[in-house]
Amino acid sequence: MVETRPARRATNTGPGRLLIAVYLLFAIAATSRAGLQIATKFDEAPVAYLLSALAALIYIVAAVGLARAGHTGRRVALACCTVELVGVLAVGVLSVVDKELFPDETVWSQFGSGYGYIPLVLPVLGLLWLWRTRRDAD
């Protein structure tokens, strides 16, 4: 008798395509915003602008990981979504508790309120999608 493992659903099909599209949209938005802020007024709030650039990088890598859909892609996307969620929560709390830490807003300030809280929801959806498409035996 041949034992077979259940097939893993690809992360780049069905609702995963919408998730990838939103990650790409945020990658473009965050990259543009961070690039402009770093180029024109970096000395005003360097930490905030570098955090926006980090967020942009994470969005790009997460989109690529979800789109590749292989074992490595899943691990990359899992790491990105986890780091993104921790970052949004940490920066969100810090930006509410001590507003002087971030003289200008980042993508993750106040839990992403400047972007309709999508930066807070997106990693949760990403993690749920990765969990939903995992192999049952994993």
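Contact here means heavy atoms within 4.5 Å. The structure is a predicted model, in which local features need pLDDT of at least 70 and side-chain atom pairs count only at pLDDT 80 or more, while totals for chains, interfaces and linings use all residues. Residues are numbered from 1 along each chain as its sequence is written, and side-chain values use heavy atoms, with hydrogens and water left out.

Leaving aside residues up to four places away in sequence, Thr11 touches Gly16, Ile20, Gly65, Leu66, Ala69, Arg74, Trp129, Leu130 and Thr133. Thr11 sits in the segment before α1 (15–41); helices (H or I, at least four residues) and strands (E, at least two) are DSSP runs, numbered from the N terminus. With a relative accessible area of 1%, Thr11 is buried, where buried means under 20%, exposed over 50% and partly exposed in between (1.4 Å probe, protein chains only). A polar atom of the Thr11 side chain also lies 2.7 Å from the backbone oxygen of Leu66.

Leu66 leads on to helix α2, where it is one of the buried residues. Others among them are Ala48, Tyr49, Leu51, Ser52, Ala55 and Ala56, along with Ile58, Tyr59, Ala62, Ala63 and Gly65. What do the buried residues of α2 pack against? Their partners are α1, α3 (71–97) and α4 (118–132).

Leu54, Leu57, Ile60, Val61, Val64 and Val76 form a nonpolar patch on the surface, with about 430 Å² of accessible area together. Such areas come from the Shrake-Rupley method with a 1.4 Å probe, and for residues only the protein chains shown count as cover. Patches are built from residues with over 30% relative accessible area and no salt bridge, joining like charges within 9 Å and nonpolar side chains (Val, Leu, Ile, Met, Phe, Trp, Tyr) within 5 Å. Helix α2 (residues 46–68) supplies the largest share, five residues. Leu54, in α2, counts as partly exposed at 37% relative accessibility.

At 17% relative accessibility, Ala69 counts as buried. Its phi is positive, near 65 degrees. Most residues other than glycine have a negative phi. Phe111 also has a positive phi, near 60 degrees.

Phe111 belongs to the loop between α3 and α4 and is partly exposed, with a relative accessible area of 24%. Not counting residues up to four places away in sequence, Phe111 touches Val88, Leu89, Gly92, Val93, Val96, Tyr117 and Leu120. From Phe111 to Pro123 the separation is 12 residues in sequence and 12 Å in space, C-alpha to C-alpha.

That leaves the charged side chains. Taking a salt bridge as a side-chain nitrogen of Lys or Arg within 4 Å of a carboxyl oxygen of Asp or Glu, the count comes to one. Asp104 pairs with Lys41, with the closest N and O atoms 3.7 Å apart. Asp104 lies in the loop between α3 and α4 and Lys41 in helix α1, so the bridge ties together parts that are 63 residues apart in sequence. Asp104 is partly exposed at 23% relative accessibility, and Lys41 is partly exposed at 28%.

Key: Polar contact = N/O pair within 3.5 Å; in protein donor to acceptor, adjacent residues only side chain to side chain.
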